[in-house]
Amino acid sequence: MSNPFNRPIRVLVAKVGLDGHDRGARIIATSLRDAGMEVIYTGLRQTPEMVVNTALQEDVDAIGISILSGAHMTVFPKIMNLIKEKKMDDVLVTGGGIIPQEDMNELQKIGVGELFPPGTSTQDIVKYITNWVHLHRNF
């Protein structure tokens with residue numbers, strides 16, 4: 001997929017909390033990188049504060065959270081609050097994992113972007129992030 005921007009789209013991929021399963025996050029990170037994005041992978045056991053501070057320091061366009069632990073209704077709201085505190089409202093917060101549709105709907109109401117269940121095509125994720133950044137970020 002071509003990138004009409006002046007620089008690569010920058011995406012932070014993170015695993016928050018005690019969830020130690022990062023295979024999906026690594027696959028997504030590789031797919032985004034293969035699509036021409038610049039990817040920062042934080043590794044396991046990050047706190048919401050660590051994720052948002054890294055996103056700010058790295059000037060990312062999007063944050064992708066991989067979560068399989070069931071803590072999504074705690075993690076995403078905390079990240080969204082920190083994003084607002086730091087006035088990073090133009091940064092996409094997206095993610096994926098085991099998240100029931102009802103919870104996805106609630107998270108989207110507080111500003112979380114599209115959330116992707118296991119099995120989602122990586123091309124769909126690349127397209128979503130690219131389109132979102134094109135519409136919401138100026139660079």
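Helices (H or I, at least four residues) and strands (E, at least two) are DSSP runs numbered from the N terminus. The model is a predicted one, in which local features need pLDDT of at least 70 and side-chain atom pairs count only at pLDDT 80 or more, while totals for chains, interfaces and linings use all residues. Residues are numbered from 1 along each chain as its sequence is written, and side-chain values use heavy atoms, with hydrogens and water left out.

Ala25, Ala29, Ser31 and Leu32 are the buried residues of helix 1, where buried means under 20% relative accessible area, exposed over 50%, and partly exposed in between (1.4 Å probe, protein chains only). Seen down the helix axis, these buried residues fall within an arc of 165 degrees, so they line one face of helix 1; the arc is that of the directions from the axis to the C-beta atoms. Arg23 and Asp34, on the other side of helix 1, are exposed.

The buried residues of helix 1 pack against strand 1 (10–15), strand 2 (38–41), strand 3 (62–67) and helix 5 (122–136), contact meaning heavy atoms within 4.5 Å. Helix 1 is followed by Gly36, which has a positive phi near 95 degrees.

Strand 1 and strand 2 pair in the parallel sense over four bridges, pairing being assigned if DSSP finds at least two bridges between two strands. The chain passes from strand 1 through helix 1 to strand 2 in a right-handed β-α-β crossover, that is, one running clockwise from the first strand over the helix to the second when the strands point away from the viewer. Val13 stands opposite Tyr41 in strand 2.

Thr130 lies in helix 5, whereas Arg137 is in the segment after helix 5. A polar contact is a pair of N or O atoms within 3.5 Å; within protein, one must be able to donate a hydrogen and the other to accept it, and residues adjacent in sequence count only if both atoms are side-chain atoms.

| Residue | Relative accessible area | Partner of its side chain |
|---|---|---|
| Arg137 | 9%, buried | Asp61 side chain, 2.8 Å |

Leaving aside neighbours within four places in sequence, Arg137 is in contact with Arg7, Asp59, Val60, Asp61, Asp90, Val91 and Trp132.
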